[in-house]
Amino acid sequence: MPNLSGKGAGEPVAMWDVQLVSSAGDLDAILDIEHASFTNPWTREMYLAEFENQGVSYCFVVRDAAGRILGFCSFWRVLDELHINNLAIAPEERGRGAGTALLQRVLQEGERLGARRATLEVRASNLAALRLYERLGFSVGGVRPGYYTNPIEDALILWREDRARG
Ligand SMILES: CC(C)(COP(=O)(O)OP(=O)(O)OC[C@H]1O[C@@H](n2cnc3c(N)ncnc32)[C@H](O)[C@@H]1OP(=O)(O)O)[C@@H](O)C(=O)NCCC(=O)NCCS
(Lines give C-alpha, C1' and ligand atoms only; values in the text may rest on other atoms or scores of the structure.)
Protein backbone atom coordinates (compact mmCIF):
# COMPACT_ATOMS: atom_id res chain seq x y z
CA MET A 1 0.00 0.00 0.00
CA PRO A 2 1.65 3.27 -1.04
CA ASN A 3 2.12 5.80 1.73
CA LEU A 4 2.24 9.53 1.38
CA SER A 5 5.09 11.53 2.78
CA GLY A 6 5.32 15.29 2.41
CA LYS A 7 7.86 17.80 3.64
CA GLY A 8 5.32 20.27 5.06
CA ALA A 9 2.76 22.88 4.09
CA GLY A 10 3.36 24.56 0.75
CA GLU A 11 5.83 21.97 -0.52
CA PRO A 12 5.01 19.27 -3.05
CA VAL A 13 3.78 15.96 -1.69
CA ALA A 14 5.80 13.01 -2.95
CA MET A 15 4.58 9.45 -3.02
CA TRP A 16 6.84 6.69 -1.76
CA ASP A 17 6.11 3.01 -1.79
CA VAL A 18 8.10 1.05 0.80
CA GLN A 19 8.18 -2.72 0.39
CA LEU A 20 9.97 -5.79 1.68
CA VAL A 21 12.43 -7.14 -0.89
CA SER A 22 11.06 -10.49 -1.92
CA SER A 23 13.59 -11.61 -4.49
CA ALA A 24 17.20 -11.08 -5.51
CA GLY A 25 15.86 -9.24 -8.59
CA ASP A 26 16.16 -5.90 -6.78
CA LEU A 27 19.78 -6.54 -5.87
CA ASP A 28 21.41 -4.66 -8.78
CA ALA A 29 19.65 -1.43 -7.82
CA ILE A 30 20.49 -1.97 -4.14
CA LEU A 31 24.17 -2.58 -4.95
CA ASP A 32 24.36 0.55 -7.14
CA ILE A 33 23.09 2.66 -4.23
CA GLU A 34 25.31 0.81 -1.74
CA HIS A 35 28.42 1.55 -3.85
CA ALA A 36 27.45 5.20 -4.33
CA SER A 37 26.90 5.65 -0.59
CA PHE A 38 29.58 3.79 1.38
CA THR A 39 33.38 3.60 1.23
CA ASN A 40 33.36 -0.08 2.34
CA PRO A 41 30.29 -1.35 0.50
CA TRP A 42 28.70 -4.71 1.19
CA THR A 43 29.13 -7.15 -1.71
CA ARG A 44 26.54 -9.08 -3.71
CA GLU A 45 27.53 -12.24 -1.81
CA MET A 46 26.92 -10.54 1.52
CA TYR A 47 23.43 -9.46 0.45
CA LEU A 48 22.62 -12.90 -0.97
CA ALA A 49 23.63 -14.42 2.38
CA GLU A 50 21.32 -11.93 4.12
CA PHE A 51 18.41 -12.94 1.87
CA GLU A 52 19.00 -16.57 2.94
CA ASN A 53 18.78 -15.65 6.62
CA GLN A 54 15.00 -15.62 6.69
CA GLY A 55 13.23 -14.72 9.91
CA VAL A 56 16.20 -12.62 11.06
CA SER A 57 17.36 -10.53 8.12
CA TYR A 58 15.04 -8.17 6.24
CA CYS A 59 15.57 -5.62 3.48
CA PHE A 60 13.06 -2.92 2.51
CA VAL A 61 13.25 -0.72 -0.56
CA VAL A 62 11.63 2.65 -1.16
CA ARG A 63 10.33 3.23 -4.70
CA ASP A 64 9.01 6.27 -6.50
CA ALA A 65 5.60 6.38 -8.18
CA ALA A 66 7.12 4.79 -11.31
CA GLY A 67 8.44 1.84 -9.28
CA ARG A 68 12.10 2.84 -9.45
CA ILE A 69 14.15 1.95 -6.36
CA LEU A 70 15.40 5.11 -4.61
CA GLY A 71 16.92 3.51 -1.53
CA PHE A 72 17.00 0.59 0.81
CA CYS A 73 17.32 -0.40 4.46
CA SER A 74 18.54 -3.77 5.67
CA PHE A 75 18.06 -4.86 9.26
CA TRP A 76 17.97 -7.80 11.61
CA ARG A 77 15.32 -8.58 14.16
CA VAL A 78 17.12 -10.30 17.03
CA LEU A 79 14.78 -11.21 19.90
CA ASP A 80 13.21 -7.88 20.90
CA GLU A 81 15.79 -5.70 19.15
CA LEU A 82 15.91 -4.22 15.67
CA HIS A 83 19.47 -3.88 14.36
CA ILE A 84 19.66 -1.54 11.40
CA ASN A 85 22.64 -2.58 9.27
CA ASN A 86 22.43 -0.36 6.20
CA LEU A 87 20.29 2.57 5.14
CA ALA A 88 20.94 4.57 1.97
CA ILE A 89 19.14 6.71 -0.57
CA ALA A 90 20.57 7.25 -4.08
CA PRO A 91 22.65 10.46 -3.99
CA GLU A 92 20.48 12.33 -6.50
CA GLU A 93 17.31 11.45 -4.54
CA ARG A 94 18.40 12.62 -1.09
CA GLY A 95 16.79 15.44 0.85
CA ARG A 96 13.24 14.83 -0.39
CA GLY A 97 11.86 12.69 2.40
CA ALA A 98 12.50 9.20 1.02
CA GLY A 99 14.89 8.31 3.86
CA THR A 100 12.34 9.39 6.45
CA ALA A 101 9.53 7.39 4.78
CA LEU A 102 11.74 4.31 4.56
CA LEU A 103 13.00 4.42 8.14
CA GLN A 104 9.52 5.10 9.55
CA ARG A 105 8.23 2.03 7.73
CA VAL A 106 11.15 -0.10 8.95
CA LEU A 107 10.54 0.98 12.55
CA GLN A 108 6.84 0.12 12.19
CA GLU A 109 7.77 -3.26 10.80
CA GLY A 110 10.20 -3.85 13.66
CA GLU A 111 7.44 -3.18 16.17
CA ARG A 112 5.12 -5.53 14.28
CA LEU A 113 7.82 -8.22 14.50
CA GLY A 114 8.06 -7.73 18.27
CA ALA A 115 11.07 -5.44 18.57
CA ARG A 116 10.91 -3.11 21.56
CA ARG A 117 14.01 -1.08 20.73
CA ALA A 118 16.13 -0.30 17.71
CA THR A 119 19.85 0.29 17.39
CA LEU A 120 22.40 1.23 14.74
CA GLU A 121 25.90 2.61 14.30
CA VAL A 122 26.75 5.76 12.41
CA ARG A 123 29.91 7.67 11.59
CA ALA A 124 30.35 10.52 14.05
CA SER A 125 30.67 13.01 11.15
CA ASN A 126 27.50 11.86 9.33
CA LEU A 127 25.33 14.81 10.28
CA ALA A 128 22.59 14.14 7.70
CA ALA A 129 22.05 10.63 9.03
CA LEU A 130 22.33 11.74 12.65
CA ARG A 131 19.63 14.37 12.15
CA LEU A 132 17.36 11.86 10.50
CA TYR A 133 17.84 9.36 13.34
CA GLU A 134 17.37 11.96 16.07
CA ARG A 135 14.19 13.23 14.41
CA LEU A 136 12.82 9.69 14.52
CA GLY A 137 13.59 9.19 18.21
CA PHE A 138 17.12 7.78 18.32
CA SER A 139 19.69 9.08 20.79
CA VAL A 140 23.39 8.42 21.30
CA GLY A 141 24.07 5.60 23.77
CA GLY A 142 27.78 5.03 23.27
CA VAL A 143 30.86 5.32 21.08
CA ARG A 144 33.05 2.69 19.40
CA PRO A 145 36.39 4.49 18.96
CA GLY A 146 38.01 4.01 15.54
CA TYR A 147 35.31 1.52 14.49
CA TYR A 148 35.16 2.59 10.85
CA THR A 149 37.94 2.40 8.26
CA ASN A 150 38.48 4.28 5.00
CA PRO A 151 38.66 6.76 6.67
CA ILE A 152 39.15 5.71 10.29
CA GLU A 153 36.42 7.24 12.42
CA ASP A 154 34.48 6.67 15.62
CA ALA A 155 31.04 5.06 15.46
CA LEU A 156 28.22 6.50 17.51
CA ILE A 157 25.87 3.81 18.81
CA LEU A 158 22.29 4.99 18.68
CA TRP A 159 19.26 3.52 20.41
CA ARG A 160 15.54 4.10 20.11
CA GLU A 161 13.08 2.72 22.63
CA ASP A 162 9.58 1.72 21.51
CA ARG A 163 7.71 4.70 22.93
CA ALA A 164 4.32 3.02 22.56
CA ARG A 165 5.29 0.36 25.09
CA GLY A 166 7.70 2.41 27.18
C1 LIG B 1 21.08 9.53 5.59
C2 LIG B 1 20.17 9.41 4.36
C3 LIG B 1 19.66 7.96 4.28
C4 LIG B 1 18.97 10.33 4.53
O5 LIG B 1 18.07 10.10 3.47
P6 LIG B 1 17.24 11.33 2.81
O7 LIG B 1 16.23 10.75 1.89
O8 LIG B 1 18.19 12.32 2.25
O9 LIG B 1 16.54 11.92 4.11
P10 LIG B 1 15.26 12.87 4.18
O11 LIG B 1 15.12 13.65 2.90
O12 LIG B 1 14.10 12.05 4.62
O13 LIG B 1 15.69 13.86 5.33
C14 LIG B 1 15.52 13.48 6.66
C15 LIG B 1 16.27 14.40 7.58
O16 LIG B 1 17.66 14.10 7.48
C17 LIG B 1 18.38 15.29 7.69
N18 LIG B 1 19.14 15.57 6.48
C19 LIG B 1 18.96 15.04 5.25
N20 LIG B 1 19.91 15.50 4.41
C21 LIG B 1 20.68 16.34 5.13
C22 LIG B 1 21.84 17.11 4.85
N23 LIG B 1 22.40 17.14 3.64
N24 LIG B 1 22.39 17.83 5.86
C25 LIG B 1 21.85 17.82 7.09
N26 LIG B 1 20.75 17.10 7.42
C27 LIG B 1 20.18 16.38 6.46
C28 LIG B 1 17.39 16.38 7.98
O29 LIG B 1 17.11 16.45 9.36
C30 LIG B 1 16.19 15.86 7.25
O31 LIG B 1 14.98 16.37 7.72
P32 LIG B 1 14.49 17.87 7.35
O33 LIG B 1 14.75 18.06 5.88
O34 LIG B 1 13.05 17.87 7.69
O35 LIG B 1 15.33 18.75 8.20
C36 LIG B 1 20.93 9.80 3.07
O37 LIG B 1 21.52 11.06 3.28
C38 LIG B 1 22.00 8.82 2.63
O39 LIG B 1 21.71 7.85 1.93
N40 LIG B 1 23.26 9.05 3.04
C41 LIG B 1 24.39 8.19 2.63
C42 LIG B 1 24.34 6.85 3.30
C43 LIG B 1 24.33 7.01 4.80
O44 LIG B 1 25.05 7.81 5.36
N45 LIG B 1 23.50 6.17 5.45
C46 LIG B 1 23.42 6.12 6.89
C47 LIG B 1 24.47 5.19 7.42
S48 LIG B 1 24.32 4.96 9.17
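**Notebook: core and ligand shell**

I began with the largest nonpolar core: of its 33 residues, V62, F72, C73, I84, A98 and L102 touch the most other members. For me, such a core is a set of buried Ala, Val, Leu, Ile, Met, Phe, Trp, Tyr and Cys residues joined through C-beta atoms within 7 Å, and buried means that 20 or more other C-beta atoms lie within 10 Å of a residue's own, with C-beta atoms placed from the backbone.

Next I looked up which elements build this core. Two or more residues each come from β2 (13-20), α1 (27-37), β3 (57-63), β4 (69-78), β5 (81-89), α3 (98-112), β6 (117-123) and β8 (153-161). The largest share, six residues, belongs to α3. I take helices (H or I, at least four residues) and strands (E, at least two) as DSSP runs, numbered from the N terminus.

A word on the source: this is a predicted model, where local features need pLDDT of at least 70, side-chain atom pairs count only at pLDDT 80 or more, and totals for chains, interfaces and linings use all residues. Residues are numbered from 1 along each chain as its sequence is written.

Then I turned to F72. Leaving out residues up to four places away in sequence, F72 touches I30, I33, C59, F60, V61 and A88 (contact: C-beta atoms, placed from the backbone, within 7 Å).

Last, I checked the ligand. Of the 20 residues around the ligand, R94, G99, T100, A128 and R131 come nearest (near: C-beta atom, placed from the backbone, within 6 Å). I found that α4 (127-135) gives the largest share of this shell, six residues.

Notes: Buried ≥ 20, exposed ≤ 12 C-beta atoms within 10 Å, placed from the backbone. Contact = placed C-beta atoms within 7 Å.
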